Amino acid sequence: MSDFQRQTFEVGNGSYSALSNDAVLVGLLLTNKSAAQVTATVKIGPSGSTEELVKDVVIPVGSSLSALDGKIVLNANDIVEATSSAASSVNIHISLLELP
């Protein structure tokens, strides 16, 4: 049975791993929780060879940015990871459907 999930982590302090199942990424939201404008980069793919989904996207103070237009398939063991221009400044929220 497929399983909808929501994962949240602070950029630089974790990542999502598709574990042993494929998954469909249906939402990806970046939230600036700092008192200054920041930039963020999101990468997806196999650990060690990820590809950029968005690069150096600007997120104004107190704002959020939807970084996904459509859906992306994650293969088993793929990861979603992100970096930002300032430590502890951005949360990433992902919504996905993990497949059996």
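This is a predicted model: local features need pLDDT of at least 70, side-chain atom pairs count only at pLDDT 80 or more; totals for chains, interfaces and linings use all residues.

Author: β4 (residues 38-46) and β8 (residues 78-84) pair in the antiparallel sense over 7 bridges. In that pairing V42 stands opposite A82 in β8.

Reader: How do you know that β4 and β5 count as paired?

Author: Pairing needs at least two bridges. β4 and β5 are joined by 6 bridges, so they count as paired. K43 has E52 as its bridge partner in β5, and V38 stands opposite I59.

Reader: What makes β2 and β5 the edges of the sheet?

Author: The order in this open sheet of 4 strands is β2-β8-β4-β5. β2 and β5 each have a single partner strand, so one side of each is left without a neighbour in the sheet.

Reader: Why is the contact of E10 and K33 called a salt bridge?

Author: The cut-off is 4 Å between the side-chain nitrogen and a carboxyl oxygen. The N to O distance for E10 and K33 is 2.5 Å, so the pair qualifies. The two residues are 23 apart in the chain, with E10 in strand β1 and K33 in the loop between β3 and β4.

Reader: Why is E10 called buried?

Author: Buried means under 20% relative accessible area. K33 has 42%, so K33 is partly exposed.

Reader: What makes E52, K55 and D56 one network?

Author: E52 bridges to K55 at 3.7 Å. D56 meets K55 at 3.8 Å. Both values are within 4 Å, so both are salt bridges. These bridges share partners, and that joins E52, K55 and D56 into one network.

Reader: Why is K55 called exposed?

Author: Exposed means over 50%. K55 has a relative accessible area of 53%, so K55 is exposed.

Terms used:
Residues are numbered from 1 along each chain as its sequence is written. Side-chain values use heavy atoms; hydrogens and water are left out. Buried means under 20% relative accessible area, exposed over 50%, partly exposed in between (1.4 Å probe, protein chains only).
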